[in-house]
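Please read the points below with the model open beside them. They cover pockets, salt bridges, aromatic contacts and the overall fold.

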Amino acid sequence: MTNRQPIKVMKESDKFVVANKLTVRAGTGFDFIQNYLLDNPTDPAYIRSVYILEAFNFELLIKSRFITLYKGNNLQDIEEKLRSLSHKLDELAGCIGMVELKKIGIRSIVKIPGLYKIETDFGDLEVYDFTNIRYDFFDKKITYISKDEHKKLIEKLEIFYKLLEKVKMNNNITRALP
């Protein structure tokens with residue numbers, strides 16, 4: 001006798017509930033960053049946390065889109081696929097495809113050492129690799145902060161919010177399709 005878990009089937013509507021939870025979580029994460037930046041100057045001691053939150057919340061946006069487009073309905077399969085992709089935004093983007101990425105305003109996601117360069121309809125972004133920004137001390141790297149970093153972060157947030165709205169809109173469009 002085996003101890004196999006029963007397969008948990010996800011209805012199509014359940015995918016959108018999960019995707020909505022991800023976009024809400026990403027949105028509140030961006031709100032947190034915005035509130036922090038409005039009340040505080042860019043402090044090197046805290047800036048790494050901002051970079052980590054940016055990476056995490058951007059990843060949630062992309063994963064929400066992945067879930068709505070995923071063809072299967074087995075919850076374990078979806079979860080395993082997302083876990084196997086880990087924090088690799090370029091691979092996640094490859095699974096979604098350029099046609100769908102363009103619908104949410106993303107033209108390209110390119111990995112370079114330590115971060116991702118992202119071209120969007122709203123401007124270009126650099127998002128730190130979620131794993132690297134947390135463990136770059138092993139590589140003896142130092143993240144330097146420019147004098148205008150605060151301004152750059154505020155500008156990035158504007159782009160993140162525009163992407164968030166496009167993801168929400170397209171997730172709802174996908175939901176309405178037969």
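1. Helix H7 is the main contributor to the lining of the second largest pocket, giving 6 residues. Together with strand E3 (123–128), H7 is one of the elements that give two or more residues to this lining. Helices here are DSSP runs of H or I with at least four residues, strands are runs of E with at least two, and both are numbered from the N terminus. The model is predicted: local features need pLDDT of at least 70, side-chain atom pairs count only at pLDDT 80 or more, and totals for chains, interfaces and linings use all residues. Residues are numbered from 1 along each chain as its sequence is written, and side-chain values use heavy atoms, with hydrogens and water left out.

2. The second largest pocket has a volume of about 260 Å³. A pocket is an open set of points on a 1 Å grid over the protein atoms alone, where a 1.4 Å probe fits and protein lies on both sides within 12 Å along at least five of seven lines; lining residues have an atom within 4 Å of a point. Grid points are joined across faces, edges and corners, and the volume is the space filled by probe spheres set on the points. The lining has 12 residues, and Leu125, Glu126, Glu149, Lys152 and Lys156 lie nearest the centre. By class, 6 are nonpolar, none polar and 6 charged. Nonpolar covers Ala, Val, Leu, Ile, Met, Phe, Trp, Tyr, Cys and Pro; charged covers Asp, Glu, Lys and Arg; the others, Gly among them, are polar.

3. Lys152 also forms a salt bridge with Asp148, with 3.8 Å between the closest N and O atoms. The criterion is a side-chain nitrogen of Lys or Arg within 4 Å of a carboxyl oxygen of Asp or Glu. Lys152 is partly exposed at 37% relative accessible area, and Asp148 is partly exposed at 38%. Buried means under 20% relative accessible area, exposed over 50%, and partly exposed in between (1.4 Å probe, protein chains only).

4. What is the volume of the largest pocket? The value is about 460 Å³. Its lining has 16 residues, with Leu22, Lys63, Ile67, Glu79 and Leu82 nearest the centre. Helix H1 (12–39), H2 and helix H3 (75–85) each supply at least two lining residues, and H3 gives the most, with 5. The lining divides into 9 nonpolar, 2 polar and 5 charged residues.

5. Lys63 pairs with Glu59 in a salt bridge at 2.7 Å, N to O. Both residues lie in helix H2, 4 residues apart, about one turn of the helix. Lys63 and Glu59 are both buried.

6. The whole structure holds 11 salt bridges. One of them joins Lys168 to Glu165, with the closest N and O atoms 3.8 Å apart. These two residues sit in helix H7, 3 residues apart, about one turn of the helix. Lys168 is partly exposed at 31% relative accessible area, as is Glu165 at 45%. Arg65, Glu100 and Lys103 are linked in a network of salt bridges.

7. How many aromatic pairs does the structure hold? There are 5. Rings of Phe, Tyr and Trp (its six-membered ring) pair if their centres lie within 6.5 Å; planes under 30 degrees apart are stacked, over 60 edge-to-face, and the rest tilted. Phe58 and Phe160 form a tilted pair, 6.0 Å centre to centre with 50 degrees between the planes. This pair links distant parts of the chain, with Phe58 in helix H2 (residues 44–69) and Phe160 in helix H7 (residues 149–176), 102 residues apart. Both Phe58 and Phe160 are buried. Phe30, Phe58, Phe160 and Tyr161 make up one aromatic cluster.

8. Lys111 lies over the face of Tyr116, 5.0 Å from the ring centre. The test requires NZ of Lys or CZ of Arg within 6 Å of the ring centre and within 35 degrees of the ring normal.

9. The protein chain has 7 helices and 3 strands, in the order α-α-α-α-α-β-β-β-α-α from the N terminus. Of its 178 residues, 39% count as buried.
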